[in-house]
Amino acid sequence: MDESRWRRVGSALLRVIVVWAASTLTMLALAALLPDFRLQSADGESVTRTALTAAWGAGVFGLLTALVWPYVVRALLLVPALVLGLLVFFLNGSLLLLALRLIPDGRGDAAPETAVVVAAVMSAVASATSTAYAMRDNDAYRCRLYRIATRRRRREGTADDGCFPTPGMLFLQLDGVGHEVLLRAAKDGVMPTVACWMNSSHRLTPWRTDWSSQTGASQLGILHGSNHDVPAFRWYEKDSGRFMVSNRPASAVELQRRAVERTGDAGLLSLDGASRGNLFSGGADQAALVLSVSTRRGRSNRSRAGYFTYFSDPANAVRTALSFAAEVAREIRQATRARLRDDAPRVPRGGVYPFVRAFATVIERDVVVSAVMGDMLAGRTAVYADLVAYDEVAHHSGPHSPDATRILASLDRSLAMIAKVAGHAPRPYRIVLLSDHGQSPGETFEQAYGTSLKELVRAECGLSGSTPADPIVLASGNLGLISFPELPGRASREQIEARHPGLLGALAGHPGIGFLLVRSEEHGSVVLTGGTETPLSELTDDGPLAVFGKGTADAVRRTDTFPHVADIMVNSMYDPGTGRVHAFEQQVGSHGGLGGEQSQPFLLSPLDMSPPVEGPGAELVGAEQVHRVLRGWLRECAGPQIPLGQVVGASTAPAEPPAPAGDRPDRPAPVAARLIPADALTARAAQPGRMEPYDNVDAA
């Protein structure tokens, strides 16, 4: 054994001793402070004997958590994440009680509720001590983390002996953070990491969403290159009688399948990629907390596998559980203060919402950030991760509220941590920060007018009871969709007016509604606003929808071509002076339609990558165009490439240079022409039974 290996072994042994000593001291302190926790027999013992008892208990507890905890977490993978977060305390407490029972002569004892507290504190102290000790030596810390990641890749059959001649790409999505919100947060010092990037290494580019400004449409387009026929977050498909909801597993699977079928491409992440916390996989080999693969069965593909990787470390489990409880308490406190101040607009924040918020802002964040850091240390080629915390809080507190601002600060700290770990990765990483949409503030439609969109539609249709022929009214932020199931195909204006003569006029003339899109048998599709009717073929950005901004006419025209566009598409009003819209659901920060900041996300990219737009005045429009930009950057990082269809052993075949940054076709190239790095292809060919990323296009 060489000298360096002896030094590493000695350092590891010393770290175990330091953590053991810290845990022992913690146990002694807690025994002195807590009346229901003792380390002595009933008649008392010497200080030395008590210290030995504490050392024994701390050691056994450490061994149990290291050996037993991973199996406990694996057994609980089917438990909902919210429940798992609460069970962490009780499971850790149970392990401590078992450790105390194993102390000779029965000198250790604790009440069950006290054991929960002691175990939580000891796990937190052990984690902090171990991390602090390891961090004192950056090289040792990097080597330790890299060894962990390498072992994982070897188990997956993807180890490459640490040879990474090209940079990797990390795409971090800040869900719901609009361009203006990011600018303001960086300027005000809320997000110093982002401000540093903007001032030194990155360029900020706004982009414009499609009419459906929501994660389902945007992320599908970004990851899979097509969001065709995604008219909203939720919609009704007459031909199948099916309700599609973007955040339901079955719908996510179907949407991804349709996108893959349309493009003929597995997705942005199909070459050694990882998808973390997303609705869709992007064709990644590695997916954790990804909705479109959550229904799969298999050890490596289960959506909850990401939970096991994270929670198998008891220190992670305790830290996240404590943060979860603190976040629940914080939300209850903030909601109570909002009620006492009589803040307006305001929506109900009781029931299970505090737990939903805590899941998004703590559990999802911690698990995804940990997975991303592991991906970088493993040297993955491309990683795309979604952090949903801001979007969840902004819906209920408002996009410009102090609550949402605190979440931005928390996300910035996560970005700083990721950037620091990137410095320890076995390859350089280009970090791209982006969002899928923004949010627009405003009181709900029901708060403003005393009736919901569904109630308004039913009233104007003269309906009091409920029948199977009732119109279906769905809401996606400030976008409403009305369908008449008894009318086959897309109902025309004439058909609707024949059955419900006053409906279209009442909706188009309502002060809370900006415009309607409906098909006319005489003029084709038309836009109705107040007393005006404009054929879609004649619609321009300076026409009746000018208030919604540039690109509105094209966005509406594109949605009109979708097979499953609703019979009546309803967009709420928009006040450019205040930025307000009216959501058709219970949200004071909303997105999903047109109007204001919801349609203006951002792209923050490294200066050493090609610009996302070419020339002054050029704009980045639509999620599909963002996909083409990201794919172009992956080509830039990939180095010399050869077509996937060529024989690996044909060394005489000339390598093709990366495609120019401006060469971004309307659709990705056919599967057979997809390019991958020559060195990566050779390495993969040496792995028996290894499937190429495009061999399993229909796996989703």
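What share of the contacts in the protein with a separation of 6 or more comes from residues 24 or more positions apart? Here are some notes on that and a few other points, bearing in mind that this is a predicted model.

1. **Overall make-up.** To take the opening question: residues 24 or more positions apart account for 72% of those contacts. The protein has 700 residues, of which 56% count as buried. Its secondary structure comes to 22 helices and 24 strands.

2. **The α7 and α8 pair.** Two packed helices are described by the angle between their axes and the distance between the axes. For helix α7 (residues 179–187) and helix α8 (residues 192–200), the angle is about 100 degrees and the axes lie 8 Å apart. The range for roughly perpendicular runs from 65 to 115 degrees, and α7 and α8 are therefore roughly perpendicular to each other. On the α7 side, Leu182, Leu183 and Ala186 make the contact, and they meet Val194, Ala195 and Met198 of α8. Sorted by class, the contact of α7 with α8 has six nonpolar residues, with no polar and no charged ones.

3. **Helix α17 and its surroundings.** In α17 (residues 453–460), the buried residues are Leu453, Leu456, Val457 and Arg458. An α-helix has 3.6 residues a turn, so residues three or four places apart point the same way. The buried residues of α17 pack against helices α16 (445–449) and α19 (503–508), and also against strands β12 (472–476), β13 (479–483) and β14 (513–520). Just after α17 comes Gly462, with a positive phi of about 70 degrees.

4. **A salt bridge across the chain.** The structure holds 31 salt bridges. In one of them, Glu327 pairs with Arg357, and the closest N and O atoms are 2.8 Å apart. This pair links distant parts of the chain, with Glu327 in helix α12 (residues 314–341) and Arg357 in helix α13 (residues 353–377), 30 residues apart. Are the two partners buried or exposed? Glu327 has 6% relative accessibility and so counts as buried. Arg357 is buried too, because its relative accessible area is 1%.

5. **A network around that pair.** Glu327 and Arg357 also belong to a network of salt bridges, whose other members are Arg330, Glu331, Arg349, Asp403 and Arg406. If you are setting out to look through the charged side chains, here is a group to view together.

6. **Two further pairs.** Asp375 forms a salt bridge with Arg380, with 3.0 Å between the closest N and O atoms. Asp375 is buried at a relative accessible area of 0%, and Arg380 is buried at 1%. Arg242 and Glu237 also meet through their side chains in a salt bridge, at 3.8 Å from N to O. Here Glu237 has 1% relative accessibility and therefore counts as buried, whereas Arg242, at 34%, counts as partly exposed.

7. **Cysteines.** How many disulfides does the count come to? The count is zero, with the cut-off for a pair of cysteine sulfur atoms set at 2.5 Å. As for individual cysteines, Cys196 has a relative accessible area of 45% and so is partly exposed, while Cys637 is buried at 7%.

Note on methods
Residues numbered from 1 in each chain as written. Predicted model: local features only at pLDDT ≥ 70, side-chain atom pairs only at ≥ 80, totals over all residues. Heavy atoms only, no water. Axes fitted to C-alpha atoms, helices over the stretch in contact; angles between N-to-C directions. Helix = DSSP H or I, 4+ residues; strand = E, 2+ residues; numbered from the N terminus. Parallel < 35°, antiparallel > 145°, perpendicular 65-115°, else oblique. Contact = heavy atoms within 4.5 Å. Nonpolar A, V, L, I, M, F, W, Y, C, P; charged D, E, K, R; others polar. Salt bridge = Lys/Arg side-chain N within 4 Å of Asp/Glu carboxyl O. Buried < 20%, exposed > 50% of the residue type's maximum accessible area, 1.4 Å probe, protein only.
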